[in-house]
Amino acid sequence: MNYLSPSLLSADFATLGEQVQVLDKAGAQFVHIDVMDGMFVPSISFGMPVMKSIRPLTKRLFDVHLMIGNPDRYFTDFKEAGADLITVHAEACTHLNRSIQAIHDLGLKAAVALNPATSLHTLDYILEDLDMVLIMSVNPGFGGQAFLPSSLDKIRELKERINRTGKEIAIEVDGGVNLLNAKEVLDAGANVLVSGTGVFKGDIWENVQNFLQIMREAE
Ligand code: DX5
Ligand code: ZN
């Protein structure tokens, strides 16, 4: 199955709660929560208090993308704030295996994100332990950047590797995904699409419907 994970980074924070409810009613299955610390990535976004405020508004899966250094410090806090799935960056974890184990020990799903320049070989000894891999199709830090075409080959290769494990490991793609390239990204092997500006620019309801239609057709 394919899933849409709208990135709240592109939401209008003055009416965040209402927009989360629109996403839910429109059928987006996940909520993508981009946490940035101003160190691992240049920008600062938001964290636990914002998550806690919106948690009662939807039962959809909270897909928390941690773009922060040494993320292990905060796993428990993010669980308490309502995270269902936590993604850490391979580039931000000195002991990646320990980080994934710590997320699983909390009863949450665990994923690893790879920056565009990070090789899939980083996952050689950990792939089978993951619930999902997040392929960054832009350099993380900001919404609204252009999709890097080299990501498509990376997704295809990852899909082949996952097939060889015989396990169900999701592939999420994040950065510059829009209604024009969504099909290509799905065809390459992705099954979780993150989209910020693609969902929040213009009519949210309509954008979600259009994404979901493309995703259903690709199944
Ligand atoms: C980038 C974030 C993305 C971003 C996606 O650092 O991880 O989730 O908000 O936004 P768009 O879809 O606008 O590229
Ligand atoms: Zn993200």
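Visitor: What should I keep in mind about the numbers and the model?

Guide: This is a predicted model, where local features need pLDDT of at least 70 and side-chain atom pairs count only at pLDDT 80 or more, while totals for chains, interfaces and linings use all residues. Residues are numbered from 1 along each chain as written, chains are lettered from A and ligands numbered from 1 in the order written, and side-chain values use heavy atoms, without hydrogens and water.

Visitor: How do you know that β4 and β5 pair?

Guide: Pairing needs at least two DSSP bridges between two strands; five bridges join β4 (residues 85-89) to β5, and the two run parallel. L85 stands opposite K109 in β5.

Visitor: Why is the pair of Y3 and F30 called stacked?

Guide: Rings of Phe, Tyr and Trp (its six-membered ring) pair if their centres lie within 6.5 Å; planes under 30 degrees apart count as stacked, over 60 as edge-to-face and the rest as tilted. By this rule there are two aromatic pairs. The centres of Y3 and F30 are 4.9 Å apart and their planes are at 15°, so this pair is stacked. Y3 lies in strand β1 (residues 3-6) and F30 in β2 (residues 30-36), so the pair ties together parts 27 residues apart in sequence.

Visitor: Are those two residues buried or partly exposed?

Guide: Y3, at 25% relative accessibility, counts as partly exposed, whereas F30, at 9%, counts as buried.

Visitor: What makes A11 buried?

Guide: Its relative accessible area is 10%, and A11 sits in the loop between β1 and α1 (16-26).

Visitor: Which polar side-chain atoms lie by an oxygen atom of ligand 1?

Guide: A polar contact is a pair of N or O atoms within 3.5 Å. Among them, D174 has a polar side-chain atom 2.7 Å from a ligand 1 oxygen, and for H65 the distance is 3.2 Å. Taken alone, ligand 1 exposes 380 Å², and the protein buries 100% of that, by the Shrake-Rupley method with a 1.4 Å probe.

Note on methods:
Helices (H or I, at least four residues) and strands (E, at least two) are DSSP runs, numbered from the N terminus. Buried means under 20% relative accessible area, exposed over 50%, partly exposed in between (1.4 Å probe, protein chains only). A polar contact is a pair of N or O atoms within 3.5 Å; within protein, one must be able to donate a hydrogen and the other to accept it, and residues adjacent in sequence count only if both atoms are side-chain atoms.
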